[in-house]
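Let's take a quick walk through this one, from the overall fold to the ligands and then the charged contacts. Have a look at the sequence and the model first.

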Amino acid sequence: MMDDDFFSPKDPGLPPLPCVGCGWCCLDNPCEVSQQVYGYVPRCPALVWTGARYVCDLVAHPVAGVDLTPLFVGQGCCARHNAWRRDVRKRD
Ligand code: SF4
Ligand code: SF4
């Protein structure tokens, strides 16, 4: 079980870390955008492995009418203590 520290309660005030595309947050729990577009599914269909990292296909190929604001794209990683950040690879 990974420690989801979205608000980094142990490290208040630390600057955000960049997203390295490990995929943990999306695989742990599809986001609200995913739920709106695809419904409640175990694995978000928009999570795509590029060969080097995971990306969100809804961000890579925006769809008219899909609001990406809740994704906070470019604002850093939401789970700085997540060990997957140091082991970026395809997960099945
Ligand atoms: S856990 Fe962090 S590094 Fe991994 S995909 Fe999510 S935001 Fe990016
Ligand atoms: S819609 Fe994008 S950000 Fe949300 S769970 Fe799917 S891949 Fe991740």
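## Fold and ground rules

Starting at the N terminus, the elements of the chain come in the order α-α-β-β-α. That makes 3 helices and 2 strands, where helices (H or I, at least four residues) and strands (E, at least two) are DSSP runs numbered from the N terminus.

A bit of bookkeeping: this is a predicted model, in which local features need pLDDT of at least 70 and side-chain atom pairs count only at pLDDT 80 or more, while totals for chains, interfaces and linings use all residues. Residues are numbered from 1 along each chain as its sequence is written, chains are lettered from A and ligands numbered from 1 in the order in which they are written, and side-chain values use heavy atoms, with hydrogens and water left out.

## Surface and contacts

Of the 92 residues in the chain, 23% count as buried. Buried here is under 20% relative accessible area, exposed is over 50%, and partly exposed is in between (1.4 Å probe, protein chains only). The chain exposes about 6300 Å², and carbon and sulfur atoms supply 59% of that; the areas come from the Shrake-Rupley method with a 1.4 Å probe, and for residues only the protein chains shown count as cover.

How about contacts along the sequence? Take those between residues at least 6 apart: 66% of them join residues at least 24 apart, a contact being heavy atoms within 4.5 Å.

## Two ligand shells

Which residues surround ligand 1? The shell (a heavy atom within 4 Å) holds Cys 19, Val 20, Gly 21, Cys 22, Gly 23, Trp 24, Cys 25, Cys 77, Cys 78, Asn 82 and Arg 85. By type, the ligand 1 shell splits into 7 nonpolar, 3 polar and 1 charged. For that count, Ala, Val, Leu, Ile, Met, Phe, Trp, Tyr, Cys and Pro are nonpolar, Asp, Glu, Lys and Arg are charged, and the others, Gly among them, are polar.

Around ligand 2 sit Cys 26, Pro 30, Cys 31, Ser 34, Cys 44, Ala 46, Leu 47, Cys 56, Leu 58 and Leu 71. This shell has 9 nonpolar residues, 1 polar and no charged.

As for disulfides (cysteine sulfur pairs within 2.5 Å), a search of the whole structure finds 0.

## Salt bridges

How many salt bridges does the whole structure have? The search finds 3, with a side-chain nitrogen of Lys or Arg within 4 Å of a carboxyl oxygen of Asp or Glu as the criterion. Asp 87, Arg 89 and Arg 91 are linked in a network. Asp 87 pairs with Arg 89 at 2.9 Å between the closest N and O atoms, and with Arg 91 at 3.7 Å. Asp 87 is partly exposed at 34%, as is Arg 89 at 39%, whereas Arg 91 is buried at 11%.

Lys 90 and Asp 92 form a salt bridge too, at 3.0 Å from N to O. Asp 92 is exposed at 84%, while Lys 90 is partly exposed at 44%.

Most residues other than glycine have a negative phi. Phe 72 isn't a glycine, yet its phi is positive, about 50°. Phe 72 lies in the segment after α3 (57-60) and is partly exposed, with a relative accessible area of 48%.
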